[in-house]
Amino acid sequence: MRNIPSLIAFIITVLGIGILIGTITTPDEWYQLLTKPSFNPPNWIFGPVWTALYIFIGIVGWRIWHKDRHSLKMKLWFAQMGLNFLWSPVFFALKQTEIAFVIITLLLICIVKFIRVSWNTDRMSAVFFIPYAAWVAFASLLNISIAILN
């Protein structure tokens, strides 16, 4: 129970930064006018999905921080966070869909590597990252589809 405040801090930090970046880079008219693939979900779905994923990401970061903050897992966790938080400004603010695709591809690689590295030593963290990997894979497909269509 003594680690609960740090768990809450991890979750609030990840959620807070995600919400801040999402607010700063809210899709504008440019995004609305883009041709999107037929499988593009409605805009309202992104907020709830990312909220749930950021909670999982915060929990995983907290778990790794308390087990071994100097491990490869922790480095991968920080790398995926940096790439995650970089994608929206590049895609929405800079309107660089191709560069955003490179970033999201690197993000997916980090997530998958994290799952692989964690699988035998921290199965719960690995499992918590599986929905994240699935969503980022889907988002990668959306990203490249938008880049090709426009």
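Axes here are lines fitted to C-alpha atoms, for helices over the stretch in contact, and angles run from 0 to 180 degrees between N-to-C directions. Helices are DSSP runs of H or I with at least four residues, numbered from the N terminus. This is a predicted model, in which local features need pLDDT of at least 70 and side-chain atom pairs count only at pLDDT 80 or more, while totals for chains, interfaces and linings use all residues. Residues are numbered from 1 along each chain as its sequence is written, and side-chain values use heavy atoms, with hydrogens and water left out.

I will start with helix packing. Two packed helices are described by the angle between their axes and the distance between the axes.

Take α3, residues 46-68, and α6, residues 123-149. Their axes are 9 Å apart, and the packing angle is about 140°. The crossing of α3 and α6 is left-handed, meaning that the near helix is turned anticlockwise from the far one by less than a right angle; clockwise would be right-handed.

Now α4, residues 72-93, and α5, residues 97-118. How do the axes of α4 and α5 cross, and within what distance do they come? They come within 9 Å and cross at roughly 160°. That makes α4 roughly antiparallel to α5. The α4 and α5 crossing is left-handed. On composition, the residues of the contact of α4 with α5 divide into 19 nonpolar, four polar and two charged. For that division, Ala, Val, Leu, Ile, Met, Phe, Trp, Tyr, Cys and Pro count as nonpolar, Asp, Glu, Lys and Arg as charged, and the others, Gly among them, as polar.

Between α4 and α5 there is a loop, and K95 lies in it. K95 is not a glycine, yet it has a positive phi of about 60°. With a relative accessible area of 32%, K95 is partly exposed. The cut-offs are under 20% relative accessible area for buried and over 50% for exposed, with partly exposed in between, using a 1.4 Å probe and protein chains only.

Next, the aromatic residues. A search of the whole structure finds 18 aromatic pairs. One of them is Y31 with F91, an edge-to-face pair at 6.3 Å centre to centre, with 65° between the planes. The criterion is that rings of Phe, Tyr and Trp (its six-membered ring) pair if their centres lie within 6.5 Å; planes under 30 degrees apart count as stacked, over 60 as edge-to-face and the rest as tilted.

Why does the pair of Y31 and F91 tie together parts that are 60 residues apart in sequence? Y31 lies in helix α2, residues 29-33, and F91 in helix α4, so the pair joins those two parts of the chain. Y31 is buried, at a relative accessible area of 5%, and F91 is buried at 1%.

A further edge-to-face pair is W87 with F92, at 5.6 Å centre to centre and 90° between the planes. W87 is buried, with a relative accessible area of 16%, and F92 is buried at 14%.

Back to Y31 for a moment. K36 lies over the face of Y31, at 4.4 Å from the ring centre. A charge sits over a ring if NZ of Lys or CZ of Arg is within 6 Å of the ring centre and within 35 degrees of the ring normal.

Ring pairs also link a cluster, made up of W50, Y54, F85, F114, F129 and Y132.

Last, some individual positions in the helices. V60 is in α3 and is buried, at 0% relative accessibility. V60 and V14 are 46 residues apart in sequence, with 11 Å between them in space, C-alpha to C-alpha.

In α5 there is I111, which is buried, with a relative accessible area of 0%. A C-alpha separation of 12 Å lies between I111 and L72, 39 residues apart along the chain.

I17 and W77 are 60 residues apart in sequence and 15 Å apart, C-alpha to C-alpha.

Finally, A133 lies in α6 and is buried, at 11% relative accessibility.

Terms used: Angles under 35 degrees count as roughly parallel, over 145 as roughly antiparallel, 65 to 115 as roughly perpendicular and the rest as oblique.
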